[in-house]
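Colleague: I'm new to reading protein models. Could you walk me through a few features, one at a time?

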Amino acid sequence: MHDTISLATLLAEHPGAQIRFSCTGCRTSHDVAAATVLTRLEGRGLGDDQVDVRELGRFSERSCYRCGEARWETRSRIPA
């Protein structure tokens with residue numbers, strides 16, 4: 001896991017990496033493939049592959065299914 005790293009660097013170093021989105025309201029979390037996150041960003045015309053992984057939560061439009069909050073913390077996850 002990296003504290004700060006761009007999405008491009010993460011994908012270059014770890015093609016199977018995932019991004020963990022953790023709700024700041026209730027701590028529910030879910031993982032999304034980093035490549036999928038990049039595709040979604042590009043598809044919406046937001047950010048680019050140089051966006052820091054820790055900043056990805058601000059681009060999410062989805063609310064937490066558990067508590068309804070829409071504030072996410074993000075971290076990289078590297079499969080073993």
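Colleague: Which residue stands opposite Thr 74 in S3?

Modeller: Phe 21 does. Strands here are DSSP runs of E with at least two residues, helices are runs of H or I with at least four, and both are numbered from the N terminus. Two strands pair if DSSP finds at least two bridges between them. Strand S1 (residues 18–23) and S3 are joined by six bridges, in the antiparallel sense. Bear in mind that this is a predicted model, where local features need pLDDT of at least 70, side-chain atom pairs count only at pLDDT 80 or more, and totals for chains, interfaces and linings use all residues. Residues are numbered from 1 along each chain as its sequence is written, and side-chain values use heavy atoms, leaving out hydrogens and water.

Colleague: How many aromatic pairs does a search of the whole structure find?

Modeller: You describe such a pair by the distance of the centres and the angle of the planes. Rings of Phe, Tyr and Trp (its six-membered ring) pair if their centres lie within 6.5 Å; planes under 30 degrees apart are stacked, over 60 edge-to-face, and the rest tilted. The search finds one pair. The ring centres of Phe 21 and Trp 72 are 6.5 Å apart with planes at 85°, so the pair is edge-to-face. Phe 21 sits in strand S1 and Trp 72 in strand S3, 51 residues apart. Phe 21 counts as buried because its relative accessibility is 8%.

Colleague: And how many disulfides does the search find?

Modeller: A disulfide is a covalent bond between the sulfur atoms of two cysteines. The cut-off here is sulfur atoms within 2.5 Å, and the whole structure has zero disulfides. For Cys 26, the nearest cysteine sulfur is that of Cys 64, 3.7 Å away. For Cys 67, the nearest is that of Cys 23, at 3.5 Å. Cys 67 counts as partly exposed because its relative accessibility is 36%.

Note on methods:
Buried < 20%, exposed > 50% of the residue type's maximum accessible area, 1.4 Å probe, protein only.
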